[in-house]
Amino acid sequence: MDRLQAMEVFVRVAEAGSFTAVADRLNVARSAITRQIAALEAHLGTKLLARSTRRLSLTSSGSAYLEKCREILAMVEAAEGDLAGEKQAPRGQIRASVPMSFGVRHLMPLVADFITTYPEVSVDVEFSDRRVNLIEEGMDFAVRISEQIDPSLVIRRLSRSSLAVVASPDYLDRHGRPKHPDELLQHHCLTYTLGSSLGWNFSVNGETQSVPVKGRFRANNGDALLDAAIRGLGVVREPTFLTSQAVRAGLLEVLLPEYSTTELHIYAVFPGTRYVPHRVRTLVDYLAERIGPVPYWD
């Protein structure tokens with residue numbers, strides 16, 4: 001039995017919670033995976049996985065062994081990857097999950113340039129605003145945009161953005177220009193369905209104030225909300241990476257800038273404590289360098 005290969009299969013099964021999912025991902029029969037796990041358990045003399053009709057779960061021995069396997073595999077991959085990286089250009093497949101609007105507008109041109117620069121790399125991108133489970137879905141990294149960074153995550157900062165409240169000149173001529181966040185209660189506000197349901201936060205007299213905005217149009221996509229605002233349907237609060245171009249073109253006006261101080265972090269997050277392959281690190285570094293710490297859209 002190849003011990004390292006068995007460890008890798010065990011880690012995959014433990015993380016996916018399924019023999020079938022791992023077999024499909026590796027393009028082998030399910031029976032081959034179960035045999036490898038059974039042989040590993042026999043070699044160790046203990047059960048690593050508890051089988052049920054719905055899902056696999058780790059035994060106490062399995063949990064302890066999983067962490068050791070991750071450490072060993074990470075060290076092996078790091079040693080081999082760093083040596084290979086010193087000698088050759090990145091190669092292989094990268095799977096990434098990126099936010100829909102930010103990904104299409106700002107990341108896709110950079111990914112296209114990266115593929116052109118490194119012809120031995122292939123990139124599989126999922127454009128989605130849902131927060132994927134990187135391990136279960138086999139992603140190498142995800143790009144996330146948030147006000148807060150989870151300190152438990154393994155991340156690489158890419159850039160930043162901020163939130164701007166905007167509306168079309170036509171809408172504002174018809175409904176007036178709010179001078180205080182409270183005045184948004186009298187306006188049609190276009191809201192993002194995947195965001196907070198508590199309202200829009202503003203800094204008022206040094207304190208955070210939440211305004212429970214409402215309106216007749218909601219969507220789970222930033223570009224759809226931006227288009228609605230340009231068409232004069234109401235006021236929207238969106239990241240500057242979406243609004244800046246329309247503001248410069250005179251299609252939208254920025255409102256309440258003295259009250260809106262929310263900064264957004266744009267970062268790449270990696271699955272668990274695994275070693276990040278050379279090809280993935282190269283792409284993420286490339287994105288960070290091209291976007292810049294002070295982003296081009298500001």
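**View 1. Val143 and its neighbours in the largest nonpolar core.** Let's start at Val143, which touches Ser97, Val98, Pro99, Phe102, Leu107, Leu158, Ile266, Tyr267 and Ala268, leaving aside residues up to four places away in sequence; contact here means heavy atoms within 4.5 Å. Val143 is also among the residues with the most contacts inside the largest nonpolar core, together with Phe102, Phe141 and Leu158. That core has 25 residues. At least two of its residues come from each of β3 (92-98), α5 (100-117), β5 (141-146), α8 (240-248), β13 (263-270) and α9 (278-291), and α9 gives the largest share, seven residues. A nonpolar core is a set of buried Ala, Val, Leu, Ile, Met, Phe, Trp, Tyr and Cys residues joined through side-chain atoms within 4.5 Å. Buried means under 20% relative accessible area, exposed over 50%, and partly exposed in between (1.4 Å probe, protein chains only). Helices (H or I, at least four residues) and strands (E, at least two) are DSSP runs, numbered from the N terminus.

**About the model.** This is a predicted model, in which local features need pLDDT of at least 70 and side-chain atom pairs count only at pLDDT 80 or more, while totals for chains, interfaces and linings use all residues. Residues are numbered from 1 along each chain as its sequence is written, and side-chain values use heavy atoms, with hydrogens and water left out.

View 2. Helix α3 (30-44) has 15 residues and reaches 22 Å from its first C-alpha to its last, close to the expected 21 Å; the expected span is 1.5 Å times one less than the number of residues. Its buried residues are Ile33, Ile37, Leu40 and Glu41. They lie on the same side of α3, because they cover an arc of only 100° around the axis, taken from the directions from the axis to the C-beta atoms. Arg35 and Ala42, on the other side, are exposed.

View 3. Most residues other than glycine have a negative phi. Asn27 has a positive phi of about 60°, and Leu256 has one of about 55°. Asn27 sits in the loop between α2 (19-26) and α3 and is exposed, at 70% relative accessibility. Leu256, in the loop between β12 (253-255) and β13, is buried at 4%.
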